[in-house]
Amino acid sequence: MFDLFLQFVVNGLVNGTFYALSALGLTLIFGLMRLVNFAHGEFYMMGGILGWVATDRLSMDFFTGLVAVVAVMALFGWLLDRYLIVRVRDKGPEPGILLTIGLAIFLTNTALMLVGTAPHKVAAPVSSGPILLGPVIITEVRVFAIAVSVAAIVGARLLIQKTKLGRAMRATFQDPTAASLVGINTASIYASTFALGTALAATSGMLLGSIYVAQASIGGLISLKAFVVVILGGMGNFAGAILGGLILGVAESLWGGYVQTGTVDMVGFALVILILFFRPYGLFSVRAERA
Amino acid sequence: MKKTAMAAALLAGFVSMAAQAADTIKIGLIQPLTGSVAYNGEADVNGSKIAVKERNAKGGVLGKQIELVIEDGECQPAKTVSAAEKLIQKDKVPVLSGAFCSSATIAAMSVAQKYKVPLLSGVSSKSDLTERGNEWFFRSAETDGLLARAFAKILVEQLDLKKIAYIGVNDDWGRGGISEFSSQIEALGGESVQKLYFDHGTTDFYTMLTRVRASKPDGVFVAAETQDGSILVKQMKEIGLQSKIFGVGSWATADFANLAGEAAEGIHAAVPYAHTIDRPENKRFVEEYKKAYGELPGKYSAAGYNALNILMDAIERAGEADPDKIRKALAETDYHGPNGSFKFNAKRQAYGFDAVLVRLTKGQPEIVAKATVTADE
């Protein structure tokens, strides 16, 4: 009985790590830019599809492919910000929401046109053979994916907290006018942030494409789950997104394990409704108002 | 003078439009082209196109070329209704093929009845569709019950199954398949230990499979399509589930074998069509399909191909593209397709065609048993 419980918790933590990684780009862009990005799931999808192109079509190994995909997607994010997002900056939330919804539709249908509806596989660098930890089963490729997720999360955190670019980012979003007065090129800071968020989404898309499959029409589902995670943790809260991801993963796993598997997707939304009732700024937000 | 010229031009325009309309016979096709089952909807469209291409190359129907008008129903009732309305009102199609998901087909059936246009579904398998007394609706697909009745006994005996766990996608088709198979298998003495459902697009099945493993079944029955099914069987192997796997869905395809890899080895699937069926009609179809799309046809490609051929035969027999005459001609269908012959019973449900039980061996569906689908009484 206890063995079963352990397996459910481990399943939940593994999924939770993946949820956290796939929500990180969304919370970053919202927290630093105040832009609600509805095309987030489509960036994830592009990461998966490009990962398939790199590892399958171009026969790259996983890591070379990952570097290439991250580079392409970061550039794509940068260009999107410089040519599209810039037009809705400082115009309130609605134009940004409409723009990203439109972008999401455009990206999904372009992907459908180019690669079709079939699911694709990203070649993983390690085998999917099982590892036994006492009574608990996990696979090599999952351990690997968790390691990459943790590395990506820590890397993004360090970038924002410790580097000059990160300091410039935080300065720009606290007060753009003051930041540009002290010589920060705010336009390029916005673009870098958007590029970082896009690259994080693509990383998770490619990584999870190696465990599951990459598919052109997956974006909407990913966006939904990412929004649940971000609302749980508090919009824009970095550590909150990670905890939110883990909570969602474990809650879904325990619900599926002990209650009913067919209603697992309900769990996240039930949590969101409860959170919005009792802690509208998220479980882990320290301030009760937006910065 | 100017006015006359314009009127003449307009008139010429109308005449040429009318001439164009008279040159082709339109058939409306509604399939999901976006959303979670788009992959399967596209297979149906590809099969349909092959049927039309073959027929047009032979001179078409009643001396006219067939024109396929395709709309996206997204597997959703509301979208499917607007697609059907558009095809009937704007494109003036005399006959419709389609809707993939049973819930969407039910919605389209009422539109077909309202405008008195025949609708043929080659895919929707929910048993009660043909029990609704809608005389404009025909079905050239097997129902869940028909497949279960044909194969439950063979499965239980061949695989020596006593305790069985059931996993299915959480919709009409998945729940229908599980209830039909479990009641047939229980009648033969099999015990159902678990019945679990998941939603379309689920990627992680570890929690569900942990539960299944804990109940130690001899066999696991799975009702899932290519995408969900391939991930599911892969994770079954990862988590160390040793039970025999069998199921229904589009499993006898090259894509499934490719995505699931070694995990697909030895799986049994009850399907109405496999590209390894040994019939001259099928060999021709497989060859045409491979030439056009560079891949082997699956269950839904054959469903689209059969549906369109049945409709074109009916138009031919009707003598003109008139909905009511086509409906009457459809009832007299006697069509020989890649997977056997199709006739309709009084409830407009097709029967007489083959269904096969396949075992996936090295990525190829090897046929282990064959049964003829008889009509529901």
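**View 1. Burial and overall size of chain A.** Of the 291 residues of chain A, 50% count as buried (20 or more other C-beta atoms within 10 Å of the residue's own, with C-beta atoms placed from the backbone). Please keep in mind that this is a predicted model, in which local features need pLDDT of at least 70, side-chain atom pairs count only at pLDDT 80 or more, and totals for chains, interfaces and linings use all residues. Residues are numbered from 1 along each chain as its sequence is written, while chains are lettered from A and ligands numbered from 1 in the order in which they are written. The C-alpha trace of chain A spans about 60 × 50 × 35 Å along its principal axes.

**View 2. The elements of chain A.** Here you can follow 11 helices and 2 strands (DSSP runs, H or I of at least four residues for helices and E of at least two for strands, numbered from the N terminus). Their order from the N terminus is α-α-α-α-β-β-α-α-α-α-α-α-α. Among contacts in chain A between residues at least 6 apart in sequence, 76% join residues at least 24 apart; a contact means C-beta atoms, placed from the backbone, within 7 Å.

**View 3. Where chain B meets chain A.** On this side, 27 residues of chain B are in contact with 25 residues of chain A. Elements of chain B giving two or more residues are helix H2 (38-57), strand S7 (191-198), helix H7 (206-214), helix H8 (226-238) and helix H9 (254-260). The largest share, 6 residues, comes from H7(B).

Definitions and conventions
Contact = placed C-beta atoms within 7 Å. Buried ≥ 20, exposed ≤ 12 C-beta atoms within 10 Å, placed from the backbone.
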